Each structure stands twice: as structure tokens, then as C-alpha cells.
Amino acid sequence: MCGIFAAISDRPVAGVLVEGLKRLEYRGYDSAGVATIDDEGLRRVCAVGKVSALQQRVEAEPLPGCIGIAHTRWATHGAPSEVNSHPHMASGVAVVHNGIVENHGELRQRLERQGCRFLSETDSEVIPWLISCAVADGSGPARAVRSLGEHIEGSYAVAVMTENDRNVLHAKRHGSPLVAALGPRGGYLSSDISALAGLADEAVVLSDGDQVELRRDAISVFDKSGRPVLRARLPIDAVGEHFDKGGHPHYMLKEIHDQPAVARAIEARYDKSPFVAEQVALDFNQIDRIRLIACGTSYYACLVAKRWFAEVAGLSSDVELASEHRYAPVVADGQREAAILVSQSGETADTLASLEKLRGLRTPTIGIVNQQVSTLAREADFFLPLLAGAEIGVASTKAFTAQLLVLARLVAHAAEQRGQRAAARRLRAALGEAAKTIEAVLHNEAAIVAVAGILAKARSALFVGRGALYPLAMEGALKLKEISYIHAEGFAAGELKHGPIALVDADTPVVALAPSGDLFPKLASNVREIAARKGKIILLGDRKALLALSDVADASLTLPACDELLQPIIAAIPLQFLAYHVAVARGCDIDHPRNLAKSVTVE
Ligand code: G6P
């Protein structure tokens, strides 16, 4: 959610800044901007929309200067416009900001009384004014940046430069991610380590409260209290690993096709050693209840895990949206809990707030995270990596299946500890089939394209499932609305008759997740209820299930038969394909759906 990139070099930095922003574009693409300092002082160029629009501007009006800051914006305060774009400037100070200044109204009024003149509607613009006022009062830039903590309520990562000192970039983080790195041509700051690929070999990961002074040839980090501190350095992976679409037209399609490889990577890491036991020092015999917490797609993965925990490990669990959990009343019922927080990015603000709350309650926490360089991965008590590789498409695909696969591994481990050996063995055996079963579904893409045509014409669509496929119905609906903008809702099939069936008509396709299994007869009845109301039915099931409902299906997609425990993982693939091909048919911007961002670092 907003991307920060900054550079200080021995040659002009505008080009490298724009390239950096392109790599951070998944964080927001409402507008982008860059500022540098050259002999004539600060210069800023901004453009509404994607970074490519900014790139055209920068090519048309070259921006000299060997020090610069840049930003790609996901609008919170104020519409996407040039004036609301970062960098924001005030009396020789330029700032890019990621986060939210919650008390900006009050700060703005105070600063206006002191004569500061605001140009934008953003919360962020108070930051350059706070710094420039502190500098005017005699603070050096570093002290002025440090003093932000005294004024700002909310979260921030900032990169700052001042006209008076072209040799230093200042930065500070409080609740929003930031890394710094030194390469052969200079120093860099970035919201995400992967954007630094090709520029440096390793990055310094800043902790909350850290402040940085970055020169061409040195990084100095100071902790909350201003003491110099050494922070962990992590290797930066090669460029190709992150930004190659592998010959596919969109990252999303590439990432759908990555899934067998992700399943194999997880299998290799989690199956061949007692990996979960090494990572998670918890005794599941001493735990009465699991609390699963996440947002968005990751939340649906947790809902599937709830069923697995109950069925395979005999453990009950509660699943909560992080945005709700963080403010929910705490019930001290004496139950011994462990919490599992699931996140692709590891930086989702609500999920991190839940982590903080759980820490206060002394609940042990397990982070299941894709981005290994992230706050959740670092700060949860225990960490299980997703191993999905960089996921760039805003709509989550391979990270979701990786979440399911890793959660299932954790469930199998808990089941084993609790003496449910046969159930654990069954789950592990099913997981062993995951990669090749996913591959079989990928081969079915052509059939999915034909079915996508039905959905592409709809104004609204329903998805239904039962048991562990109910969360998949919600995930399928979320995927469709995220990238095709078709209104879609996912329901428990048995709930349809309690209200949503009123929406069913000949123009509202219903996608029914209907593979064979214990719940199939119940779901089949629900499908017939829909057919009786002239609903257009798209069935997803194995051959046997499809045959049983062939008289009412308008279209069907064949899933390979597999253990019921594996079904939610396998069903994810056609739902992703379906959303993708519907969005393609409707001419949508697949990797950059409107209004969304991949990493949501604001509340
Ligand atoms: C955003 C993304 C979703 C994602 C959710 C949670 O809304 O667009 O794809 O599921 O955040 O993100 P996380 O990184 O915590 O899994």
C-alpha cells in the first residue's frame, strides 16, 4: 500500500527511481511521483495512474540530480491527482510517505496557524511541514526527522531529502516496512527488498522505530532512542526470480501456472524432515483451541484450516478477520490458545495489529507468511514460510494454495502430536498428490475458457459449496469481483434457501462446487433447487458427481478425483482460471485491478 523508493548515487537517479517504482507498483497505482535535487534545487514530476505514465513524463522532461525519492500511491486521503501525489514538499524539504497520519487534521490546523500553506488534501503533507518547521527552529534534518515520532499518531515509513544537504537521504519507519541497501553505484531505500534486485547484493532490514542516514557509500541505522545499531542483512535475490512473467501475458496467469512447482517446493521442505516440529516449538496437546487470523484471501485459507483442524487433529478453532479481531472484546475463558496468523505479505496492518494484541495476551503466535522479509515473519513467535516465490498479481493465487498446503502440514503435525496418527498419515498422503493433481487441472484450461464466456456476460454471479468448499465458494466469488468487477457472492449451499435464493434467475449464473464426497447428496439437492428456479448452473466436480447432475448443468468443469481433504486445494485452481478468463474477456487490467493494492499497510 504505497511504495517508497529512494536513491543516492554518483550519477542521475531518475531512471533507477522509476524502475524501482515499477517493481513496487503492486503496492498501489493511483498515481506516482519522483523528486530529485540538482543545482537548481528540488524538482518534482508526478503523474496520475500507473508508473508508465510517470515514466513518459520523466522521459519528456528529464530530471537531473543524483539524489532522489519516489512514490507510487494507493489513495487514502484525497483523490488520485497530481497535487495529491507524493513527493510532498515544504520549504526545501521533500518527503514520500507510506502509512497514515491519523492526527493529520489537528496537525494541519496547528501548522496552518504557524503560516504553513498546504497544497494537497493528503494526510502526508503535514510531514514535510513538520520537518521544515523543526529545521527552521534550528534542528538538523536528522533531528527533525527523529522528532516526527513526537507529533505523528499512526503508521509511517518516510524517505526525506533536504535541499541544504544533497549528500544524505533520511528515512524512518514506524509500522510500515522499509529496507536500505548499498550497491556499487550508491545507496537505496525501498518498501520491499525484491525491488532492489540487481542494484545491491544485500539489504538492511529496518526494525520499527529505526531511523537511517543513507549516503552514497554508507548506511547508518539508529534505533528508537537514537543509538547507532546494527541490523540484520539479508541477501537480495536475482532480478529474474521476481519480475519474469515466464512468457505469460499477465503475472496472475504465470502465478496460476506456478502452483505445481510451489506444491513441490512445499513438499520438499515440509515432508522430508520434521520441519514443522523444528520451526514451531509448541505442544498441541497443551492447547485447547486454535485462533486463526487473517484478511482477504488468507482469511478463506484459515476457514478451510478450521475444518482440517477439527477433522484431522480433533482441535477446535475460531477464525477471525484481523480487522475485527484487533478490536474484539477478550473473553478470559481459561482455554489455552495458540494463534495462527496467515498473510502473503506479512505486512497487512490489521494482521500486525492482531499480532500485537495477542502478544499482550501472551498467546503464542505462529506466522504463516510468504514474504520472508516481513514484520509478521520476524515478529511472530514461530514462522512457517509459504515458499510460493514472489506473487506480483494483486489477486492472490499461488500464495493461497501455498497457505492451504502449509496449514495442512501444520494440521498434520498437530494431529500427530495429539495421537491422531492415522488421520495425519491420510492428510500427508493426500498432500503428496497435490502437485500432480494441480497439474492435471492446469491441463484443463481450454475448457475453462469456454465456461468463462457464460460468466463474462453476467452482471452478478453466485458461488456455492459445502464443508471445506464453502470457503472456496467465497474465495471464488472474491477472485471474480476483484479482477472482473462482476458482483459475486459465495454462500454455504445449505444457506441459499434462507435468503440468497431470491437472487437466482436465468441471468445469474451459479457456480456450484460439487465434487463427490459425504456432502455431495446434500449439495446435489441444493443444485436442483437452483435449477428449479431457472438458475444457470456451472458445476465443478469429478466425473461421478458431474454425471449425477448432468441433467441440470448448463456447463461443467471436470476436477480430478482426489481425497476429500485435498479438494479445497484442487478446487482453487479452476476458480482462479475462471476469474482470470472472465476478466480477460471483459478487457480488465488483470494485474492491477481498480481500487486495490496487494499489500495493505493501512487500517
Ligand atoms: C489485499 C490483497 C488480497 C489479500 C489481502 C490480505 O486485500 O489484495 O489479495 O488477500 O490483502 O493480504 P495478506 O498479505 O495479509 O495475505
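Visitor: Where does Pro87 sit?
Guide: Pro87 is in the loop between β4 (67–73) and β5 (88–90). Bear in mind that this is a predicted model.

Visitor: What makes the peptide bond from His86 to Pro87 cis?
Guide: Look at omega: for that bond it is near -5 degrees, and the bond is listed as cis.

Visitor: What is noted about phi of Arg362?
Guide: Phi there is near 60 degrees, a positive value in a residue other than glycine. Arg362 belongs to the loop between α13 (349–360) and β18 (365–369).

Visitor: On to the domains. How is the chain divided?
Guide: Into domain 1 (3–242), domain 2 (245–432) and domain 3 (442–590). The C-alpha centres of domains 2 and 3 are 25 Å apart. Their contact involves 28 residues of domain 2 and 25 residues of domain 3.

Visitor: How much area do domain 2 and domain 3 bury between them?
Guide: About 2400 Å², with 74% of it on carbon and sulfur atoms. On the domain 2 side, Met252, Ile256 and Tyr300 lose the most area to domain 3, together 21% of what that side buries.

Visitor: Why is the pair Arg426 and Asp563 called a salt bridge?
Guide: The cut-off is 4 Å between a side-chain nitrogen of Lys or Arg and a carboxyl oxygen of Asp or Glu. The closest N and O atoms of Arg426 and Asp563 are 2.7 Å apart, so the pair qualifies. Across the interface of domain 2 and domain 3, the rule finds one salt bridge. The count of residue pairs in polar contact between these domains is nine.

Visitor: Which helix gives the largest share of the domain 2 side that touches domain 3?
Guide: That's α11, with nine residues. By type, this side of domain 2 splits into 17 nonpolar, eight polar and three charged residues.

Visitor: Now the ligand. How many residues surround it?
Guide: 14 residues do, and the closest are Ser298, Ser343, Gln344, Ser345 and Thr348.

Key: Residues are numbered from 1 along each chain as its sequence is written. This is a predicted model: local features need pLDDT of at least 70, side-chain atom pairs count only at pLDDT 80 or more; totals for chains, interfaces and linings use all residues. Side-chain values use heavy atoms; hydrogens and water are left out. Domain bounds come from an automatic or database domain assignment. Contact means heavy atoms within 4.5 Å. Buried area is the accessible area (1.4 Å probe) that two parts lose on being put together, summed over both. A polar contact is a pair of N or O atoms within 3.5 Å; within protein, one must be able to donate a hydrogen and the other to accept it, and residues adjacent in sequence count only if both atoms are side-chain atoms. Helices (H or I, at least four residues) and strands (E, at least two) are DSSP runs, numbered from the N terminus. Ala, Val, Leu, Ile, Met, Phe, Trp, Tyr, Cys and Pro count as nonpolar, Asp, Glu, Lys and Arg as charged, and the others, Gly among them, as polar. A residue is near a molecule or strand if one of its heavy atoms lies within 4 Å of it.
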